[in-house]
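Subject: Handover of a structural model

Dear colleague,

Please find the structure below, followed by an account of what was found in it. I would be grateful if you would read the two side by side.

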Amino acid sequence: MKTVTQGRLFLLTGLSGSGKSTLGHLLVNHLNQYGVRNAYLLDGDAARAFFDGDSAFDAEARDAMTRRMAFAALTMTQNNVDVVMANIAGLRATRRFLRRKFADFIEIFLDVDLDTLIRNDVKGLYKTRLAAERPMLVGVDIPYERPESPELAVFPHRETPEDSLKRILEFLAHRGPIMGTKADTLASLTAYVKRSRILPQVVLTWDHLTRDPVGQLHRVRGALGAGPYILRSSCRAEDARSKSNAGAFKSVPDVPDEGAAFQTAARRVRDSYAEKGVEKPDAEQILVQPMLARVRMAGVVCTRYKAADSPYYVVNYDDRTGRTETVTSGCGGDMIFISRFLRHEELGAWQALIDAVRELEELYPKFPVEVEFAVLEAGEVVVLQCRALHVHSPSVSLEQSAGELIQELKLRLDRYRLPQPHLPGADTILSDMADWNPSEMIGDRPSTLAYSIYRELVTDRTWHEARASQGYFDVLHANLMLSMARKPYMDTRMSFASLTPAALRPATRERLVTLYLDALRRQPQLHDKVEFDLLYTCFDLGVERRIRARNGLAETEIAELLASLRELTNTLVAHAERD
């Protein structure tokens, strides 16, 4: 994948009144919404106004102003900003100079003749200046040297600014990732994605098809081979920044490469545009692609949970029918949330899909995306659509805040797991069900008041003082309960140590607590019954059998443990008889 760290210069060149500023604003707005980096407009009129009229209108002064603006543009492009420079730049030598200075230079010529500009005279400039003895107008008494080979020419006298923008975006689709119509976006991604595949495609309109149905179908067959095809909506209103209109327009699968059936399918797509009030449905794109076979799974991935900008990949998928449109048509499917913090090796069967989506995120780093996909039986991921995902983003993203919280929790857990000088066991396990079972007592997410009261009354010191008074090991001043992201947990190392007989030698206690922790790791289902199925807390007729069945203790340690349990139990019984 090509990583671009330097911005582009878009030079909008043309005579005064040709619409450079208008087109420049449209292009910058689009790039800021959908582009891969921020964009900024440098306007010639605004630059001249900034210098308080200290620049004349003759050819030399105009050229000097162009070069001033170019230096500002170069500084921004070197800092990874796209710059749209609306400037007459009437000399070929000046434009060649700019082309040499900028690593990525795109010259866009607004081609409109002088007579049309004088007749329209949007700014009133020509009426005022032409009355002067020396108009000092480029194209009138100052030469304008027409570009010989611009990257693109647009024609303001016969197309709207929006149409000119559309043609610029079509041009850009072949130079790197853009976000436009479905077809434009896919075309721009074709050369950049490495972890997925973009299907070959043909783009036509209802106008094209009705004017030349045989020729258009021949073009489709030549590019895609024999059918069947899928004709998909690719309307400019479908993926607008303010509203995606996802699923609003028709797509028709299983279309044969036969004239009448193909035209009927295209009409259905076109009619769906008209039904939703699209202004010029006959001119909107219809995307033609081959039908996929041997589809194992298909659906949609959102890189955020739309309702809350949460840090999950939300995958709506169908892995039963072999169809690609089940989820997008609203006919069914399942859903899974995949944490964005999972490492590659933790993704399991979802690795290939999430890898493909993460690559798209790298190509579109400014906004979350929604990806329509298919996974073939061989495991290959096919991207069917990529659009901007419309979510409410808080000033601090939930991903950032969740990431910070997870890092904090990791540091706290690492600290809790360190060896403690007064406790046996080299590690610990946190449990929300063991020992005093805080989830049952104060709830899974207790209020601060409930947590603090329970800690004060039970888990701060009362718990271990009571146990020490009965002959168990005194863990000293140790709080049994701790909170991780407002959820209470018990420290099992502390709990297990507090339920060993006080008479045990330190080495035997260390070995015993380690055995308890290892057993809990192997059998996490014992979290809520550690006192009965995991620990040896008193002497009974079956305790020796259970100790020997577990293994891990030497014969001398078993004898010591049995003796201390017998002594502890006799003491407890004697106290009970006296009471």
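On a 1 Å grid over the protein atoms alone, a cavity is a set of points where a 1.4 Å probe fits but cannot get out, whereas a pocket is an open set with protein on both sides within 12 Å along at least five of seven lines; lining residues have an atom within 4 Å of a point. Grid points are joined across faces, edges and corners, and a volume is the space filled by probe spheres set on the points.

The model is a predicted one, in which local features need pLDDT of at least 70 and side-chain atom pairs count only at pLDDT 80 or more, while totals for chains, interfaces and linings use all residues. Residues are numbered from 1 along each chain as its sequence is written, and side-chain values use heavy atoms, with hydrogens and water left out.

Overall form

The chain has 21 helices and 18 strands; helices (H or I, at least four residues) and strands (E, at least two) are DSSP runs, numbered from the N terminus. Its radius of gyration is 36 Å, well over the 25 Å that the globule rule gives for 579 residues, so the chain is more spread out than a compact globule. That radius is taken over C-alpha atoms, and the rule is 2.2 Å times the number of residues to the power 0.38. The C-alpha trace spans about 120 × 65 × 40 Å along its principal axes.

Of the 579 residues, 47% count as buried (buried means under 20% relative accessible area, exposed over 50%, and partly exposed in between, with a 1.4 Å probe and protein chains only). The chain exposes about 28300 Å², of which carbon and sulfur atoms supply 53%; accessible areas come from the Shrake-Rupley method with a 1.4 Å probe, and for residues only the protein chains shown count as cover. Among contacts (heavy atoms within 4.5 Å) with a separation of 6 or more, 68% join residues 24 or more positions apart.

Pocket and cavity

The largest pocket has a volume of about 860 Å³. Its lining holds 43 residues, and Ser16, Gly17, Lys20, Ile88 and Lys123 lie nearest its centre. Two or more lining residues come from each of helices H1 (20-34), H2 (44-50), H3 (59-77), H5 (114-120), H6 (125-130) and H7 (161-172). H3 gives the largest share, five residues. By class, the pocket lining has 19 nonpolar, 15 polar and nine charged residues; Ala, Val, Leu, Ile, Met, Phe, Trp, Tyr, Cys and Pro count as nonpolar, Asp, Glu, Lys and Arg as charged, and the others, Gly among them, as polar.

A search of the whole structure finds one cavity of 30 Å³ or more. The largest cavity has a volume of about 60 Å³. Its lining residues are Arg8, His30, Leu31, Tyr34, Gly35, Val36, Leu169, Leu172, Pro177, Ile178 and Met179. H1 and H7 each supply at least two of the residues lining this cavity, with the largest share, three residues, coming from H1. Eight nonpolar, two polar and one charged residues make up the cavity lining.

Individual residues

Arg221 is found in helix H10 (residues 213-224) and is partly exposed, with a relative accessible area of 37%. Leaving out residues up to four places away in sequence, Arg221 touches Tyr229, Asp257 and Glu258.

Pro228 lies in the loop between H10 and strand E8 (229-234), and the peptide bond from Gly227 to Pro228 is cis, with omega near 10°.

Which residues have a positive phi although they are not glycines? Asn80 is one of them, at about 65°, and Arg486 is another, at about 70°. Asn80 lies in the loop between H3 and strand E3 (82-86) and is partly exposed at 29% relative accessibility. Arg486 lies in the loop between strands E17 (481-484) and E18 (487-491) and is also partly exposed, with a relative accessible area of 49%.

Glu372, in strand E14 (residues 369-376), counts as buried at 11% relative accessibility. Beyond residues up to four places away in sequence, Glu372 touches Arg232, Gly299, Val300, Thr324, Thr328, Val382, Val383, Leu384 and Gln385. The C-alpha atoms of Glu372 and Met65, 307 residues apart along the chain, are separated by 47 Å.

Yours sincerely
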